Amino acid sequence: MNLEFNTAIHVLTFLTKHADERFSSKALSELVCINPVQLRRVTGTLVEHGYIDTFRGQHGGYQANHQTAKVNLADLFQLFTEKRTQGRLFTGDAMSHCEISREIGNTMAKHHAKEHELLMQYYRGFTIEEVLRETLTTI
């Protein structure tokens, strides 16, 4: 799990609850309790994938659309964790003289793939609509 994944869930859940309203990035960042730059990075991805709409101009902002409430958390997890794994994840070096260092990356990559698969299976069972319902019942 990472901050962008959590931010995406928060934004989508909030916009689903307030589906008839539009929120500027400044207002939305304050409501989601995150820096506006971080928010725009997440909302840009959400807009790009059609999960929310954006409108320009004086009365512009972000707004839920017909798809927002139905977004599956597994799709968001995949979307926001793929970017995170593009850098180095494992220690070791395939060219090392140490046999552990040569192979540890391959071993841990297998564990990482299994972990990712388990999380995807878990998150497939939830949509933004369900997160909203759960959140509102805990208040």
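1. Helix 3 is followed by G50, whose phi is positive, near 80°. Helices here are DSSP runs of H or I with at least four residues, and strands are runs of E with at least two, both numbered from the N terminus.

2. The model is a predicted one, in which local features need pLDDT of at least 70 and side-chain atom pairs count only at pLDDT 80 or more, whereas totals for chains, interfaces and linings use all residues. Residues are numbered from 1 along each chain as its sequence is written, and side-chain values use heavy atoms, with hydrogens and water left out.

3. Helix 3 covers residues 36–48, 13 residues in total, and its first and last C-alpha atoms are 18 Å apart, close to the 18 Å expected at 1.5 Å a residue (the expected span being 1.5 Å times one less than the number of residues). At its start, a side-chain oxygen of N35 comes to within 2.6 Å of the backbone nitrogen of V37.

4. Within helix 3, L39, V42, T43, T45 and L46 are buried, that is, under 20% relative accessible area with a 1.4 Å probe, protein chains only. Seen down the axis of helix 3, these buried residues fall within an arc of 155°, so they line one face of the helix; the arc is taken from the directions from the helix axis to the C-beta atoms. They pack against helix 1 (3–17), helix 2 (25–32), strand 1 (52–55), strand 2 (61–64) and helix 4 (73–82).

5. V32 lies in helix 2 and is buried, with a relative accessible area of 7%. Setting aside neighbours within four places in sequence, V32 is in contact (heavy atoms within 4.5 Å) with T7, H10 and V11.

Conventions. Buried < 20%, exposed > 50% of the residue type's maximum accessible area, 1.4 Å probe, protein only. Polar contact = N/O pair within 3.5 Å; in protein donor to acceptor, adjacent residues only side chain to side chain.
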